[in-house]
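This briefing concerns selected side-chain features of one protein model. Please read it alongside the sequence and the structure shown here.

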Amino acid sequence: MIIIGEKINGSIPSMGKAIAERNEEYIKEIAIKQANAGATYIDVCASVAEDIEVETMHWLIDLVQSVTDKPIAVDSPSAEVIAEAYKFCNKPGLLNSVSGEGNKMDILFPIMKEHPEWECVALLSDDTGIPKSAADRLRVFNNIMAKAKEYDIDPSRLHIDPLIEMLCTAEDGIAMVEEVMETIKSQYPTIHITGAVSNISFNLPYRKILNMGFTVLSMADGLDSAIFDPLNANLMAMIACTEAILAKGSVTEGMDLSAIAAELPAEQVKFLYPTYAALAMKAGIIEPEEDEEYEERDIEGLFEELKGNLTEDADARDFLGLLYATDALLGNDDFCMAYVGAFRDEAFGPIK
């Protein structure tokens, strides 16, 4: 997994305060922590007024580069700012980002042509906004790829963001985003699929479980690059478990998890079965029973059936939360009502 560390972003209140106060030590500490946790890129986004953005980006990039040699993801909504700020980087990194909006590609793709070691995030939106259907997002994707071809940009240098939106507004879970990811990967096997995984859980409780479930399921659809907090050790562990499982091929019933566990660090093994369970639910190998009387799926019953497979140090409450989250992500829980209800009943999450 290509990990784009998200923490140096002025839209995060604590980081915005540090940028405003020019708190260099705090910013350098966050950069070091993300690098040590395994970030591939350190994202740098000033989130300040555009008239001071280039100068602020210069200052931030210099700070990050003073403490780590990780490449920078130069992040701004303005292509013009990115076109200036990338010059401050000591080594090739990631331009974040272009889209089908305006002339962004014509500003940044020439830079990529001139500097073939740079890569770029491309969002599947255009001047019409965020497309509502998979077909329209794929239309934007095709336009981006046509423009990339004009500039001789190999697909392997692009990180396509299918635009991850709030799960609570969807009737069919992540089906539309899955279709987009699967189609893109089938057409361009070397292209990267990326996204801000925490977007999926906006306005929902106990967000970390939904973020983990979404990441696991999306990796099976081709997600191989993501923007998140690498200091989240649990998510990092589930990514490692997912990579280990998918490396064995298709997810199967009775899969030999003991052999996979032997390849993982000891502290990550407790996440292996929960990761497998989520992938097995996606594959239809594990399925909760339908309670016809109450017109709901028996996630609690599924939990009772599966919890014996957990290691002694695994968090059983989080496992139950993951089952609810996975069912919602797969589109079996309209507007996440069962997930939210179980959280309110304190079936998972913090005990009040």
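The model is predicted. It contains eleven aromatic pairs and zero disulfides.

**Threonine 194**

- Threonine 194 is located in the loop that runs between β7 (192-193) and α8 (207-221).
- With a relative accessible area of 0%, threonine 194 falls under the 20% limit and is therefore classed as buried.
- The side chain of threonine 194 makes a polar contact of 2.9 Å with the side chain of serine 225.
- Leaving aside residues up to four places away in sequence, threonine 194 touches Ile4, Val121, His159, Ile160, Asp161, Pro162, Leu223, Ser225, Ala226 and Ile227.

**Aromatic pairs**

- The count of aromatic pairs comes to eleven.
- In the pair formed by phenylalanine 141 and tyrosine 188, the ring centres are 5.6 Å apart and the planes meet at 80 degrees, so the arrangement is edge-to-face.
- This pair links distant parts of the chain, 47 residues apart: phenylalanine 141 belongs to helix α6 (residues 134-150), whereas tyrosine 188 sits in the loop between α7 (175-187) and β7.
- Phenylalanine 141 is buried, at a relative accessible area of 0%, while tyrosine 188 is partly exposed, at 27%.
- Tyrosine 273 and tyrosine 276 form a tilted aromatic pair, with 5.9 Å from centre to centre and 45 degrees between the planes.
- Both of these residues, tyrosine 273 and tyrosine 276, lie in helix α11 (residues 272-283), where three residues, about one turn of the helix, separate them; both are buried.
- One aromatic cluster is formed by Tyr206, Tyr324, Tyr339, Phe343 and Phe348.

**Charge over a ring**

- Arginine 22 is placed over the face of tryptophan 59, at 4.2 Å from the ring centre.

**Cysteines**

- The structure has zero disulfides.
- Cysteine 45 takes part in no disulfide, and the nearest cysteine sulfur, belonging to cysteine 89, is 13 Å away.
- Cysteine 45 is buried, with a relative accessible area of 7%.
- Cysteine 168 is likewise in no disulfide; its nearest cysteine sulfur is that of cysteine 336, at 6.2 Å, whereas a disulfide requires the sulfur atoms to be within 2.5 Å.
- Cysteine 168 has a relative accessibility of 18% and so counts as buried, the limit being under 20%.

Note on methods
Residues numbered from 1 in each chain as written. Predicted model: local features only at pLDDT ≥ 70, side-chain atom pairs only at ≥ 80, totals over all residues. Heavy atoms only, no water. Helix = DSSP H or I, 4+ residues; strand = E, 2+ residues; numbered from the N terminus. Buried < 20%, exposed > 50% of the residue type's maximum accessible area, 1.4 Å probe, protein only. Polar contact = N/O pair within 3.5 Å; in protein donor to acceptor, adjacent residues only side chain to side chain. Contact = heavy atoms within 4.5 Å. Phe/Tyr/Trp six-rings, centres within 6.5 Å; stacked < 30°, edge-to-face > 60°. Lys NZ or Arg CZ within 6 Å of the ring centre and 35° of its normal.
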